[in-house]
Amino acid sequence: MLLSLLGGRAFAYDAVVAKDGSGNFTTVQAAINAAPSGRTATYTIFIKNGRYKEKISVPSSKPFLQLVGESVANTILTYDDGASTPAQGGGTLGTQNSASFSISADDFSALNITFENSFGDGSQAVAVLVNADRAAFKNCRFLGNQDTVYTKGNGTPRHYFKDCYIDGNVDFIFGSSVALFENCVVYAKARTSTGSSFITAANTPAGQTFGYVFKKTKLPANTGGTQYFLGRPWQNSTGSSPLAANKTVFISSTVGAGLLQPAGWTTWDAGTNTSLITYAEFQSKYFSGNLMPTTQRVSWSRQLAAADTVAYSRTNLFGTWDPCAVATGFCTTTTPDIAVSNFRAVKGASQSSISWNISWAMEQIKYELFRSSDNTTFSKVYETTAATDSLVNFQTTDALPAAGTAYYYYLRASKNGLTTHTTETIQVSSVPTVTAPASLGAFAQYQVGASAVQTYTLSGVNLTDNVTVTPPAGYEVSANNGTNWYTSAAPLVLTPANNTLGATTISVRLNAAAVGTYSGDITHTSAGATAVAVTVTGTKTNAMQVVTAPLQWWPFKLSAQDSAAVRAAGVVPSTTLLHRLAVSDASTVAAIRGYSSKFGQASAPIAAGSWSTAATPAAPVTVGASLDRRFYEQFTITAAAGRTLRLDTLQMTAAFYNSSNGRMALVTSLTGFTTADSTNIPTGGKVGSASLPAANYGAFNAPVILNNQTGGPTTVYRFPLSTGTSGLTLTAGQTLTVRVYFGAGTSSPGRYALLKDVMFKGEDVTPVACNAAFSYAPAAFCQSGTNPTPTVTGTTGGTFASTTGLTLDATTGAINLAASTPGTYTVTYTAGATCSSTATVTITAPATAGLSYPSASYCTSQITAVAPVMASGASTGMFSSTSGLVINALTGIISPSLSTPGTYTVTNTVAASGACAAVTGTFTVTITAPATAGFSYPATASYCAGTTGTVTPALTTGATAGAFSSTTGLTIDAATGAINLSTSTAGTYTVTNTVAASGACAAVTSTATVTINPTPVRPTVSVAYTTPGVVVVTSSSATGNQWYLNGTAISGATGQTYTANGNTQPGAYTVVVTGAGGCASQASVTLTVTATSKPLASSSLTVYPNPTPDGQLTLELSGYHKAVELTVLNAVGQVVARRTVAAGTTRQALDLRQLPAGVYVLRAVTEGGTDTRRIVRQ
């Protein structure tokens, strides 16, 4: 890799760093410090393999610095500061100062190096801070958790990352620069808890065209439950001003399944202005090659077209700067190195889990895990080979080491043709171990009571026995915040849980009986563990404890009045008096005003700053270095009525402006200088932490020599006010007066005595008449909890009162939680007329978690996801459900189309808050699959109206019989769909099966078409006799006839007429008419033909009107000489009317009005023959 990147310069380095001393330097910082300043050409430092734990910085004076590692896997620059790490001088480091490697010089470059911040979780911890322009990185790794890579700089800084690997778990690429990440691996690590996190947090300034651009980035899935947003907008949020115009673009990224939140991007908070944001993607795809779905991306993000991506070229991003010129082949992608990241072991209850990920995944990398019990002799315990180039995460398990022992592991990753990477060794220990700090601060015990308490944290792992904590003589320890104290004679014994002693706070105090010095070790012992000692030292005296605090303060920023904010309650307000001194009028030195924050009070014998009569303008007298008792500033402190003060020191910040001959002295008086009690300030004063010399301790004849400080006074002086250790006591109304004298051996104007932050320090020692101390333990309660009662440690028998909203018993102080309004209250306990104290309690309303959904039922055909409706006042927590329902744990949104049909209980769990326990709310949701209604009737059958029987439908697979209906005329069973042919009218019908709505699924229908063919009308037969025994019969139907003899079809007899021969084929003749669909009529009325059958001789039968509209007929009987029997038959052969006509009757009325409309047969029978006629009743 080095040869390909640096060409002929591969071995021409300006300096070499090697931990083993084989180079010019053993530390990277030393090599950087030795590099020349102000370079305009590259200065290259080669760093040999090794783990360099250094906090490294590249100052702005050293541009064109280039670091080249021997190998990216084994050249590691690391440190472990976090933003929460304490800073020297107080406070914490903060994010920027936590950086392991800081770059402040332009034109920096690095190749083949791993940059790491090993702080761990729990705080921002920067691996690399780039705070400059034109920085380029090739084949580098950046390892961390939160805030791994921080890019910024003045103006529009430009940064280029080529073929790099970056990992982290919160905002791990963030800043304001224009940065191009090309062909990089961005590994978003699994967090210790499931949920969401963020990859980038750009805070692109308004007006800057570009921000972060990622091209051909691989974002592998992690091994846990953390889903990531591609970015969130840093400094585009509530309280930010101006708001950032955040810009982040991912082009042609390859993403692991399940890594990203479907929304893709998110806001910072409710104050984010999304109109200022440019968040965009182009063709993000999975490792399978399939494009990622983007329909759920936030509406204010963009999906780029191919033409849009042209704008994000190196030239457009960087202008005249070409990072490819940093080194030969810098922008050429080559085969990556084998580099294992995040190799770690986690000890479980029954086995260890060993995991790692590969920085640049390749197929056929072989991973071999080796184990040792002595960290010397190792043997292989596991081996696997990556089958594809998309395998990133690896994991195996191993047995736990036996109690009292440890296992050591290293991993070897190899592939033919590439350099093997062997990791550092990690440990899984079962050795009992106790952890505690080395020492505590000094203890001071005074005449009354024990010393102040100091604390430390004790913990232990792999413990097989109790932990015994034994303090040295005179000291006591406690593990319950001082409720119980233990001594060297009766040590504290702590019992582990599951072989582990969790972090335990140990309180320590010195409580010796005799005066003296007490030193020793607090020992911590447990079977099999190395004893751990915490060194303590302290002193017991018979003196009362001195409490020194500010009593009165003159800041001199605006006036000579003391500060009411600092003034103790037992002190009377006062203003200083300038005697024959005047404050500056800024006439000589414009910057020096009478009072200011920078210079404090500036005074001199005249406002022009002259101290001599020889000055111009002249002072009235010369006030030289030997001082003058007429020129001073007077301070007074007076004890208020009913108060007693103890004064320890007078502290001030003093100097002279533009003179090294300034002097200052202090003289005190308890009578306001009205008597001869004027007293020089005692010896023992301090300047800073040093003692004032005897010749200049501050007395009038031994004045302090003040420093010449033209930038304002910074030297702090502390003067004792009493020669004794008990200080100076002021009783009520008594005043201490201090005169501060100034002088200067100068004859020039514009010289001023500078004074600021003058402060009397001591203590209000007014005797306390009573003690009204009380407390509630704890101080926070839930409305649903048990009513608390306070503990009174002072005078009992008083009364309790509270601010409005808290319900409490005035006698006992017991709080009625249920009757109280949530809030924070001040409870006052009054033990006497002037004796009371207060305590603060907080009442928290229990959270509610009630929820519902707009409906209790949903259909799987519903594509739209459904959000819960929270009950009034309810909070959203974590949502869960019984298995089968697809639900978003953070929002409670359910996806019916992705869920399995069933009934589910959705639970909203709101975490404990304040003093209230966690609560849950549930709602039952039913997911229903839509019904189907398909059916059909047999296609082969012929359906004839009026025939007997039913036709039943067949349901399609999975279909349900609902309610069947049809167009008018079809008789159908609504429950089964069966058709009753006998009562149905001929026609074509649409049958509908309607399956009613079920759950949230709508009703469904299906139809089938059925044709009912008409059954032909029962034919009538007309008879014509030719000769005896021979009859010509004629059917009333012109078509479809079939003649039958004795019920058997006569072959070929299908015409409308047929000649029946009673001589050769005597019997019963009928005719059946077959119509459409093969529907057959009822057989005609039987006509019996025999050899003797003959017509009525010389007779005729006439019927009219036929058809008859009203049922009344007239019969003309001609030639009937005998009585005639008239019979009327209906279409089915039933006799519906009958009468006998007397012989010789020639005309007969026939009344059929009582019969329904239809076709009938009239039969006339008389001796000698039969005649028939077809009649129609309309």
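**Loops, pockets and overall form of a predicted model**

Colleague: Phe64 lies in the loop between β4 (56-58) and β5 (65-69), where strands (E, at least two residues) and helices (H or I, at least four) are DSSP runs numbered from the N terminus. What phi does Phe64 have?
Modeller: This is a predicted model, in which local features need pLDDT of at least 70 and side-chain atom pairs count only at pLDDT 80 or more, while totals for chains, interfaces and linings use all residues. Residues are numbered from 1 along each chain as its sequence is written, and side-chain values use heavy atoms, with hydrogens and water left out. Most residues other than glycine have a negative phi. Phe64 is not a glycine, yet its phi is positive, at about 60 degrees.

Colleague: Does Phe64 count as buried, partly exposed or exposed?
Modeller: Buried means under 20% relative accessible area, exposed over 50%, and partly exposed in between, with a 1.4 Å probe and protein chains only. Because its relative accessibility is 25%, Phe64 counts as partly exposed.

Colleague: Where does Gln283, another residue with a positive phi, lie?
Modeller: Gln283 is not a glycine either, and its phi is about 50 degrees. At 47% relative accessibility, Gln283 counts as partly exposed. Its place is in the loop between β25 (278-282) and β26 (285-286).

Colleague: Which residue is joined to Pro1105 by a cis peptide bond?
Modeller: Most peptide bonds are trans. Pro1105 lies in the loop between β87 (1100-1104) and β88 (1112-1118), and Pro1107 also lies in the loop between β87 and β88, with a cis bond of its own to Asn1106 at an omega of about 10 degrees. For Pro1105, the cis bond has an omega of about -10 degrees and its partner is Tyr1104.

Colleague: Which strand gives the largest share of the lining of the largest pocket?
Modeller: On a 1 Å grid over the protein atoms alone, a pocket is an open set of points with protein on both sides within 12 Å along at least five of seven lines, a cavity is a set where a 1.4 Å probe fits but cannot get out, and lining residues have an atom within 4 Å of a point. The largest pocket has a volume of about 1,100 Å³, a volume being the space filled by probe spheres set on grid points that are joined across faces, edges and corners. Of its 41 lining residues, the closest to the centre are Lys189, Ser341, Asn342, Phe343 and Arg344. The largest share of the lining, six residues, comes from β28.

Colleague: How much space lies in the largest cavity?
Modeller: A search of the whole structure finds one cavity of 30 Å³ or more. Among the residues that line the largest cavity are Arg1018, Thr1020 and Tyr1160. The space in the largest cavity is about 30 Å³.

Colleague: What is the radius of gyration of the protein?
Modeller: The protein has four helices and 93 strands. The radius is taken over C-alpha atoms, and the globule rule is 2.2 Å times the number of residues to the power 0.38. For 1178 residues that rule gives 32 Å, and the protein is more spread out than a compact globule because its radius of gyration is well over this, at 54 Å.

Colleague: What spans does the C-alpha trace have along its principal axes?
Modeller: Of the 1178 residues of the protein, 46% count as buried. Along the principal axes, the C-alpha trace spans about 185 × 90 × 75 Å.
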